[in-house]
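Biologist: Could you take a close look at the aromatic rings for me and walk me through what sits around them?

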Amino acid sequence: MSLALGLLLLIIFRLQLVHNYCGKLGRNVSFLPMNLAAYGGDPTGNLLCVNFNQDCSSLAVGSKSGYKLFSLNSVEKLEEIYEYGETEDICIVERLFSSSLVAIVSLSAPRKLKVCHFKKGTEICNYSYPNTILAVRLNRVRLLVVLEESLYIHNIRDMKVLHTIRDTPPNPSGLCALSVNSDNCYLAYPGSNQIGEVQIFDCVNLRAVTMIPAHDSPVAAMAFNSAGTKLSTASEKAIIRVFSIPDGVKLYEFRRGVKRCVTINSLAFSHDSLFLCASSNTETVHIFKLEAPKKEPTDEAGGLMGYFGKALSPSSYLPVHMAEVFNQERAFASVRLPQAGLRNVCAIAMIGKLPRLLVSSADGYLYIYNIDPEEGGDCTLLKQHRLIGQGEGPDKPLEEESAPSDPSSSPSNKEDDSQDTRARASSQTSQNSPPLGREGTGDFSQAASAFTDQQGIGNLRLDDETECVVISMSLMKCFSILLPLNKFYECNATAKFSIPQKRTQRPL
């Protein structure tokens with residue numbers, strides 16, 4: 001009896017340790033950068049959603065009092081473009097590049113999507129759906145609405161439903177990715193809620209392309225690069241992989257870390273697809289460099305050193321899954337946020353002709369960091385900006401905007417408000433059933449006349465600008481040192497060399 005009681009107490013103690021190790025859980029973890037409603041956010045929170053637009057030129061913030069749009073043209077100044085306060089509890093706000101077109105969803109009407117022209121202050125149209133809207137994605141040709149078990153693909157010119165993907169695996173977080181490139185207009189969404197399958201769908205030709213077996217565990221985040229030729233996915237075990245699109249060939253594999261209870265919140269490519277950033281529920285944001293794969297050494301370097309180097313290769317004596325741990329690339333650069341346990345969203349943008357890491361957190365702040373594209377390492381905090389008013393959110397534990405100024409940043413330029421009234425008539429018809437209802441203040445094609453073709457037919461011109469298996473690190477070190485030396489001594493008994501007393505190993 002006493003033994004059973006002792007075991008029970010031990011189990012409770014271990015569970016408490018795991019809970020504490022996972023970080024602070026509560027209302028802050030419920031913050032979702034895209035849509036709070038998908039995670040059942042805490043009603044006392046004021047910041048409901050934060051979202052970068054497709055080219056990271058602006059930031060949209062949804063809150064209890066409405067939504068705001070900010071320009072990201074300067075490090076020193078966060079210029080407010082627009083503020084809307086007529087509708088409260090905005091949980092989704094998506095802006096189409098630098099145009100005046102925005103799609104919004106409120107917590108008071110979570111099944112209704114509103115498409116608005118914010119500079120004219122008009123509502124173009126609205127749609128109602130059978131279930132709660134969990135995510136909305138936009139590019140110049142398509143508008144995507146994500147429900148828990150279905151996806152609606154709209155033609156953005158007239159908002160007609162072109163295709164409906166029904167009976168998808170349960171997707172309560174609204175996880176998906178839509179390529180911003182009109183030529184490679186692909187959609188990625190989870191193909192299973194048990195394993196990490198990712199379905200790729202062609203949103204122009206309206207057909208399934210391929211299924212990528214990305215991970216052994218469910219997918220936690222995904223993102224396309226700006227060209228729509230690469231897709232990054234992260235598993236619930238914090239393994240990050242990059243695949244080529246549309247063939248689905250794995251190009252890169254990274255590991256976020258070996259710390260337990262890490263949940264990847266967001267992934268984002270740089271515009272040139274050279275860097276990939278990943279944020280999580282910890283205080284660290286990692287930046288990976290997508291370099292060309294290193295060529296395998298040839299067998300010309302034979303002899304003693306050649307054999308020694310080959311014997312040290314983990315793939316020569318470790319199982320496949322264990323050897324993959326050594327082959328995973330590590331972070332090129334990293335950032336340490338002020339606080340852990342907060343949901344956040346990250347992006348890499350060019351500001352002042354230099355790459356900057358942008359991190360918007362549930363604490364109501366936007367952090368801007370400098371990235372050294374050559375050396376990497378720890379990124380320097382340049383500026384932090386408050387996204388919500390002093391009375392709307394918690395006080396900041398750090399001094400506000402105490403970071404050094406960035407001399408290379410240029411003043412933000414107001415977006416050009418040109419009025420291009422040419423419109424292209426849309427003749428596409430839909431063979432799929434529409435949402436439950438549609439209302440509008442007028443014909444969508446007339447309301448969208450401010451947007452005309454820029455890249456081709458159907459494209460809009462903007463009127464404004466294994467998994468890692470859990471392995472003991474000490475055991476891995478033992479394998480990596482002792483086994484090769486054992487082989488080496490067997491084949492080279494008379495060789496003389498010294499082993500350092502202390503070996504330093506790059507942390508995984």
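Modeller: Happy to! Rings of Phe, Tyr and Trp (its six-membered ring) pair if their centres lie within 6.5 Å; planes under 30 degrees apart count as stacked, over 60 as edge-to-face and the rest as tilted. This is a predicted model, in which local features need pLDDT of at least 70 and side-chain atom pairs count only at pLDDT 80 or more, while totals for chains, interfaces and linings use all residues. Residues are numbered from 1 along each chain as its sequence is written, and side-chain values use heavy atoms, with hydrogens and water left out.

Searching the whole structure gives 10 aromatic pairs. In one of them, the ring centres of Tyr-82 and Phe-118 are 5.0 Å apart with the planes at 45°, so this pair is tilted. Tyr-82 belongs to strand 4 (residues 79-84) and Phe-118 to the loop between strand 7 (109-117) and strand 8 (122-128), so the pair ties together parts 36 residues apart in sequence. Strands here are DSSP runs (E, at least two residues), numbered from the N terminus. Both partners are buried (under 20% relative accessible area, 1.4 Å probe, protein chains only): Tyr-82 has a relative accessible area of 18%, and Phe-118 has 4%. Tyr-82 and Phe-118 also form one aromatic cluster with Tyr-67 and Tyr-84.

Another ring to look at is Phe-97. Arg-140 lies over its face, 3.9 Å from the ring centre; a charge sits over a ring if NZ of Lys or CZ of Arg is within 6 Å of the ring centre and within 35 degrees of the ring normal. Phe-97 is in the turn of the hairpin formed by strand 5 and strand 6, and has a positive phi of about 45°.

Conventions. Helix = DSSP H or I, 4+ residues; strand = E, 2+ residues; numbered from the N terminus. Buried < 20%, exposed > 50% of the residue type's maximum accessible area, 1.4 Å probe, protein only. Pairing = 2+ DSSP bridges.
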